[in-house]
Amino acid sequence: MNENFNERLASIIANDVAKENLGHIDLHKARELLMDAGAVLFDVRPPAKVEGENAQEAGIKNAYYAPYPAFAASLELLPEDKTTPIITACVKGWFGNRVMAYLEMMGYANVYVLDTSITALIEAHYAHTGR
């Protein structure tokens, strides 16, 4: 393999290892990043896995619905600043983990995966907004 690729991959892995829980965050940390740090949230559930509203439809600040099967079509939604925190979320983390890896390979440094279902975050959002 290309030496530059190996170095880049080693750097990404080191960055993830330095994150608590390898970048998997709980509901509280996700809300903190969204509310205080201006994080961007990507709900990456495939359409068949969305029950009710997706995170964008629910009105979560800086949330976008970018389903995994079509994520490449959503790249224009990515922040220009590659240090902006990004949270990926789905049902069980499988698709979120994949998208996290893609974003890190693209040079985004502060990518996290919600370690619970995105529906829990949507419900917490509803509770806080009285919706």
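Phe5, Arg8, Ile12 and Asp16 of helix α1 are in contact (heavy atoms within 4.5 Å) with Met100, Glu104 and Met105 of helix α3. The model is predicted: local features need pLDDT of at least 70 and side-chain atom pairs count only at pLDDT 80 or more, while totals for chains, interfaces and linings use all residues. Residues are numbered from 1 along each chain as its sequence is written, and side-chain values use heavy atoms, with hydrogens and water left out. Helices (H or I, at least four residues) and strands (E, at least two) are DSSP runs, numbered from the N terminus.

Two packed helices are described by the angle between their axes and the distance between the axes. The axes of α1 and α3 come within 10 Å and cross at roughly 125°; axes are lines fitted to C-alpha atoms, for helices over the stretch in contact, with angles from 0 to 180 degrees between N-to-C directions. The two helices are therefore oblique to each other (under 35 degrees is roughly parallel, over 145 roughly antiparallel, 65 to 115 roughly perpendicular, and the rest oblique). Ile13 also belongs to α1, which spans residues 3–18. This residue is partly exposed, at a relative accessible area of 46% (buried is under 20%, exposed over 50%, partly exposed in between, with a 1.4 Å probe and protein chains only).

The structure holds 4 aromatic pairs; rings of Phe, Tyr and Trp (its six-membered ring) pair if their centres lie within 6.5 Å, with planes under 30 degrees apart counted as stacked, over 60 as edge-to-face and the rest as tilted. Tyr68 and Tyr102 form a stacked pair, with 6.3 Å from centre to centre and 20° between the planes. Tyr68 lies in the loop between β3 (63–65) and β4 (86–89) and Tyr102 in helix α3 (residues 94–105), so the pair ties together parts that are 34 residues apart in sequence. Tyr68 is buried at 18% relative accessibility, whereas Tyr102 is partly exposed at 39%. Phe42, Tyr64 and Phe71 are linked into a cluster by ring pairs.

Two asparagines have positive phi values. For Asn21, phi is near 55°; Asn21 lies in the loop between α1 and β1 (24–25) and is exposed at 52% relative accessibility. For Asn62, phi is about 60°. Asn62 is placed in the loop between β2 (40–43) and β3 and is partly exposed, with 30% relative accessibility.
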